[in-house]
Amino acid sequence: MRLTPRKEEVEAVKALLESPDFNSADQMAKAVIKEVADILQMRDWVALVHTWADGRRGLNFAPFGNEAEARAFASKMAFGGTGRLVRLSSPGVMLANIDGKRGWKGYCLHPECGHAPFTHSAASAARGPCQLPTCPCDRFRK
Ligand SMILES: [Zn+2]
Ligand SMILES: [Zn+2]
């Protein structure tokens, strides 16, 4: 999985590594793994879908960070058949658009909101209050 770490992802992991709240390296390692899984679930991936030469469904491989990585993998394999690339959309982003994602870049940073930009009304050039009925957010915060 080839990927370029984003600044906010590095910050999230760093915050765990520098946190005094862990009593053991095991505890910290578990928290880091969970955080990284959360980060990876907020990205789109590419799958390589394979068909054998006789038309039967083949072997499918994922995730790849981008199409170039999937193509490089396919060209190293010599099991024949044909392959095509399929974009895998992030379930994390879909869930975040419904449930919100507090403290996550791209989502509202109002402490009680965390909803996607499109849930906020347009107030002149900026985004205004969150339109979700139970949300107290008065304007979109970046
Ligand atoms: Zn909201
Ligand atoms: Zn908001």
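Along the chain, the donors of the zinc ion (ligand 2) follow the spacing C-x4-C-x6-H-x16-C. A donor here is an N, O or S atom within 2.8 Å of the metal (3.2 Å for Na, K and Ca), and sites may look incomplete since water is not among the atoms. This is a predicted model, where local features need pLDDT of at least 70 and side-chain atom pairs count only at pLDDT 80 or more, while totals for chains, interfaces and linings use all residues. Residues are numbered from 1 along each chain as its sequence is written, chains are lettered from A and ligands numbered from 1 in the order in which they are written, and side-chain values use heavy atoms, leaving out hydrogens and water.

**View 1. The zinc ion (ligand 2) and its four protein donors.** Cys-108 (SG), Cys-113 (SG), His-120 (NE2) and Cys-137 (SG) sit 2.1 to 2.4 Å from this zinc. The angles between the four donor atoms run from 104 to 117°, which makes the arrangement tetrahedral (for four donors, all angles between 85 and 135 degrees). Cys-113, in the loop between α4 and β4, and Cys-137, in the segment after β5, link parts of the chain 24 residues apart. Helices (H or I, at least four residues) and strands (E, at least two) are DSSP runs, numbered from the N terminus. Cys-113 counts as buried at 2% relative accessibility, and Cys-137 counts as buried at 4% (buried means under 20% relative accessible area, with a 1.4 Å probe and protein chains only).

View 2. Around ligand 1 you'll find Cys-113 (SG), His-115 (ND1), Cys-130 (SG) and Cys-135 (SG), at 2.1 to 2.3 Å. Its four donor atoms subtend angles of 101 to 118°, so this arrangement is tetrahedral too. His-115 lies in the loop between α4 (91-99) and β4 (120-123) and Cys-130 in strand β5 (residues 126-130), so the pair ties together parts 15 residues apart in sequence. Both His-115 and Cys-130 are buried.

**View 3. An open sheet of three strands, in the order β2-β1-β3.** The pairing is antiparallel (strands pair if DSSP finds at least two bridges between them). β2 (61-64) and β3 (82-88) are at the edges with a single partner strand each, so one side of each has no neighbour in the sheet. Strand β1 (residues 45-51) and β3 pair over seven bridges, and Trp-45 has Leu-88 in β3 as its bridge partner.

Terms used: Four donors count as tetrahedral if all angles lie between 85 and 135 degrees; four count as square planar and six as octahedral if opposite donors are over 155 degrees apart and all others between 65 and 115; anything else is irregular. Buried means under 20% relative accessible area, exposed over 50%, partly exposed in between (1.4 Å probe, protein chains only).
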